[in-house]
Every structure is written in C-alpha cells, then in structure tokens.
Amino acid sequence: MRTLLLSAAAISLGLGAVWACSSSSTGVAADAGAPPADGAVVARGEYLVKSVALCGECHTPRLPDGRLDTTQWLAGVDRRFDVEPDDDTRGAVSAPNLTPHESGLGGWSSDEIRSAIVDGAGLSGPLTSLMPSYVFHNMAAGDADAIVAYLRSIPPVAHLTSGRQKLTVPVDGPPAPLPEAAVPHTTLPSSDPNFARAERGRYLAGVAGLCIDCHSTWRPDARPPLALGTLFAGGRGMSRAEWGVVGDRTPAVIYSYNVTPHESGLAGWTPAMVAATLKTNLDDRKEPLCRPMPGGPMGSYGALTDEDALDIGWYITTLPPIDSGDVPQCPIPTPEVPPPPPADAAPDGPVDAGADGRDAADATDGADADAAG
Ligand code: HEC
Ligand code: HEC
C-alpha cells in the first residue's frame, strides 16, 4: 500500500501541469455518465483526501476508541460540531455524507462538488467555516479535480445526516478565502538547496492541507476565519467531545501548539523531527501528543509519504518565528478538578511550601503538565 501511494504521488507530481491544462481545455469537468477518471488521478485524490486534506477526520464517524470507522468511510457524521452545546435546538452542524449515494453526493455534479470544496458553496446556500473551504480555495485545480474524481469512485453508503441547526453566527455568505499571499513562505533564500522542498511543504501544510487550519487562531464569525497575522502560531481550541478524543488526561478543550520556530513554539526542531512527529504522533520527548493532532499510524498523517512529511518539516522549521506566549499544553490540569489534598504532602518534600501546602500542589501540577506536554 505504501509503495502504491508513493508511486502514485510521484506520478501525479509529474502530471500536475497536464491536469491543469486538460481541465481548462475541456471546460466542463466529467459529470455522471462521463468516462471514469484515470487510475493515477483517483489515486492522487485518495492520497489527498486521506493524508493531506483530512476529509475523513470530519466526514467519517468514529469508533468508541476515537479511531475513524473505515466501514463508514466518508459516510458523514451527524451533529459533528456543536457550536452551542448548551442548547439542543441550536448550533449543531453535521458533516454530510460524501459518498456517491443519494443521501450523499449522489445527485451532485462534479462542478457542484468542487465548488463546495474550494468555495464553500452548498446546494442550498453557503457552508459555514466549519468546512475549511477557505484553505482549500487555493488548491491546484488538478488536485481539486482529483479529489472530486476519488469521491465519485468510492462505495456509496446510505446515511442521511440531519440539517444544520440555527446558529448565532449568521451564515450570509461563504467564508472569505484565505488570501494565497497570506500563507507565509519559507524564510530560506531561494538559492538554498532546500528552498524548493520547503515551498512544496508550504503547499501541503497551508494550501492543500490543514496544518494551517488547526494551528492558527480561528473565529467562526471572522472573514477569513483564520487570524492572518498569527498563522501557524497555534492557540486554536478544539473540543474533546467534537473530535471524539478519548483518554483520562485530556482536557475538555485541547489547544494546538505554536509550530513556528520561536522559543514559544518549535525552536530547535529539525525537519526530520517534524516528519517523525507526523509519522508517530510522539513529540520531541517521545511523549504521545493529544488528539486531534492526527499523527501516527492510527491517524491520517501515518500514511504521508516520507518525502512529503520531510517537505512539511522543512517548511514548518523555516517559517517566520512568531511569539505566541504560553499556549496551554495537553494534558493540562482541568479547572474543575480541585488540587490534590495537602494532607499527606511528602514528608521529605520541599520544606518551604506555603502554609496551606498549596504552593507544593501547584508546583506538582505544573511539573506534570510540563512533563506530559
Ligand atoms: C474540519 C472538518 C472538515 C474537514 C477537514 C472537511 N470538511 Fe467538508 N464539511 C464539514 C462540515 C462541518 C460541513 C457542513 C458545513 C455546513 O453545513 O455549514 C462540510 C460540508 C462539505 C460539503 C457539502 C456537502 C453537503 O451535503 O452540503 C462537501 C462536498 C465537503 N464538505 C467536502 C469535503 C472534502 C472533499 C474535504 C476534504 C478535501 C472536506 N470536506 C474536509 C467539515 C469538514
Ligand atoms: C485536526 C487538528 C490538527 C491538525 C490538522 C494538525 N495538528 Fe498539529 N497539533 C494539534 C494539536 C491539538 C496539538 C497539541 C497536542 C497536544 O497538546 O498534545 C498539535 C501538536 C503538534 C505538534 C507538537 C508540538 C510540540 O511542541 O510538541 C507538532 C510538531 C504539530 N502539531 C505539527 C503539525 C503539522 C506539521 C501539521 C500538518 C501536517 C499538523 N500539526 C496538523 C492539532 C492539529
């Protein structure tokens, strides 16, 4: 499988320019009834959907252990997000079924599917910015076509998700796309032998892929929804409930790290370390990262090609550094949990703990959070 993906990616790279030509010369893309797309195009689409654009992370239901249920691949998730969790009648947004069944994209033309992906245009009005079309907007036309071709090739699954509930944030237009020029370039000079790799990484991390989406501040009511001045500086909070995160030590909201090479982020990381984190989901101290960071063999990035993982590493480690201040790390002590009772503070522990022992307890919490981060 890995070999197949590798060769498909290699082939498709060579074909990128050809697709761009053919889709503009034929004008209208293949619709139902048109000849099936060729195998290399579908394979490129599959790779992008599974390992780069992460469509499955939102559009596939999860098993109780948090992994994606591949028997329901892209079949949609009812109430995938709930932006008003305290009100049952408002705020729930499903991630619809993307399979070619009538209850999914069965009745959609290729152009309609492409517009939903890159322009946030739904059949009955604009999609919310919970669907990251504002990132995908800048994707190469050939890659968007490959994704559409792949979606049309997968097995249809019957599953109708419920419609979007009323939202506090009005959806009176599609989310403004991220200006392509706002996605930072590598700071490597163009004469550097790794410049081209890093710029390929930029495409995978910030144009066709979603590092930029999870690792930037996000506001559903802003246009575009990502804070342009602090792209990649982390701080997006993600709800444990929405992302099906399991484990005792994960807080209700998990924050993404600053992945720029600043002291408050990834200063000191090499491209190979970033690549290893993507393939293993372990951090630089070999500690497992909290979901929804989708790394490792059980996560979407486990099947990234080594080449692509390293290109992303070259890009991330050569971004302009941004000071994010402290980003809460996972696992963090949750506010509802009272500090451990001071009673049996270790007899040979620190002697200058505050009168009520609180200082010692806080110090322990801090050390825990640090060691686990
Ligand atoms: C971060 C989560 C997330 C990711 C990643 C994501 N989507 Fe979505 N998508 C959604 C949500 C949520 C909606 C529904 C939005 C709404 O109703 O406002 C949606 C809507 C759609 C729709 C419209 C379907 C309909 O019936 O109206 C299409 C098509 C779509 N997504 C395709 C994709 C593809 C293809 C990818 C990967 C390239 C992708 N999505 C990645 C969350 C996501
Ligand atoms: C679905 C959201 C999501 C996506 C997509 C995502 N990340 Fe993350 N990432 C996170 C979260 C959340 C954390 C924090 C995990 C924790 O606290 O244990 C994280 C942590 C990390 C870390 C660890 C930093 C450290 O100091 O240990 C690195 C490196 C990283 N991500 C790189 C990336 C790269 C590169 C990409 C794109 C290829 C990416 N991430 C895509 C959510 C995401």
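A residue here is called buried if 20 or more other C-beta atoms lie within 10 Å of its own, exposed if 12 or fewer do, and partly exposed in between, with the C-beta atoms placed from the backbone. By that rule, 39% of the 373 residues in the protein chain are buried.

What you see above is a predicted model, in which local features need pLDDT of at least 70 and side-chain atom pairs count only at pLDDT 80 or more, while totals for chains, interfaces and linings use all residues. Residues are numbered from 1 along each chain as its sequence is written, and chains are lettered from A and ligands numbered from 1 in the order in which they are written.

The overall picture first. The protein chain has 11 helices and 6 strands. Both are DSSP runs, numbered from the N terminus: helices are H or I with at least four residues, strands are E with at least two. Two residues are in contact if their C-beta atoms, placed from the backbone, lie within 7 Å. Of the contacts in the protein chain with a separation of 6 or more, 65% are between residues 24 or more positions apart.

Now ligand 1. A residue is near a molecule or strand if its C-beta atom, placed from the backbone, lies within 6 Å of it. There are 25 residues around ligand 1, and Cys55, Cys58, Pro96, Thr128 and Met131 come nearest. At least two residues each are supplied by helix H3 (55–59), S1, strand S2 (92–95) and helix H4 (110–119). H3 has the largest share of this shell, 4 residues. For classes, Ala, Val, Leu, Ile, Met, Phe, Trp, Tyr, Cys and Pro count as nonpolar, Asp, Glu, Lys and Arg as charged, and the others, Gly among them, as polar. The shell around ligand 1 then divides into 19 nonpolar, 3 polar and 3 charged residues.

S1, residues 77–82, also holds Arg79. Arg79 is not a glycine, yet has a positive phi of about 45°. Is Arg79 buried, exposed or partly exposed? Arg79 counts as partly exposed because it has 15 C-beta neighbours inside 10 Å.

Two packed helices are described by the angle between their axes and the distance between the axes. The axes are lines fitted to C-alpha atoms, for helices over the stretch in contact, and the angles run from 0 to 180 degrees between N-to-C directions. Angles under 35 degrees count as roughly parallel, over 145 as roughly antiparallel, 65 to 115 as roughly perpendicular and the rest as oblique.

The axes of H4 and helix H6 (residues 141–153) come within 10 Å and cross at roughly 120°. H4 is therefore oblique to H6. On the H4 side the contact is made by Ser110, Ile113, Arg114, Ile117 and Val118, and on the H6 side by Ala144, Ile147, Val148 and Leu151. By class, that is 7 nonpolar, 1 polar and 1 charged.

The second pair is helix H7 (residues 195–206) and H10, whose axes come within 7 Å and cross at roughly 100°. That angle makes H7 roughly perpendicular to H10. H7 contributes residues including Arg197, Arg200 and Arg202, and H10 contributes residues including Asp308 and Asp311. The contact of H7 with H10 has 7 nonpolar, 2 polar and 5 charged residues.

H10 also takes part around ligand 2. Which of the 28 residues around ligand 2 come nearest? They are Cys211, Cys214, Asp283, Met293 and Cys330. Helix H8 (211–214), helix H9 (271–280) and helix H10 (306–316) give two or more residues each to this shell. H9 gives the most, with 3 residues. By class the shell around ligand 2 has 21 nonpolar, 5 polar and 2 charged residues.

Staying with H9, its buried residues are Pro271, Val274, Ala275, Ala276, Thr277 and Leu278. They pack against H10. After H9 comes Asn281, with a positive phi near 65°. In the loop between H9 and H10 lies Pro292, and the peptide bond from Arg291 to Pro292 is cis, with omega near 10°.

Last, the loop between H8 and strand S5 (237–239), where Pro224 is placed. The peptide bond from Arg223 to Pro224 is cis as well, with omega near -10°. Phe232 is found in the loop between H8 and S5 too, and has a positive phi of about 75° although it is not a glycine. Phe232 is buried, because 29 other C-beta atoms lie within 10 Å.
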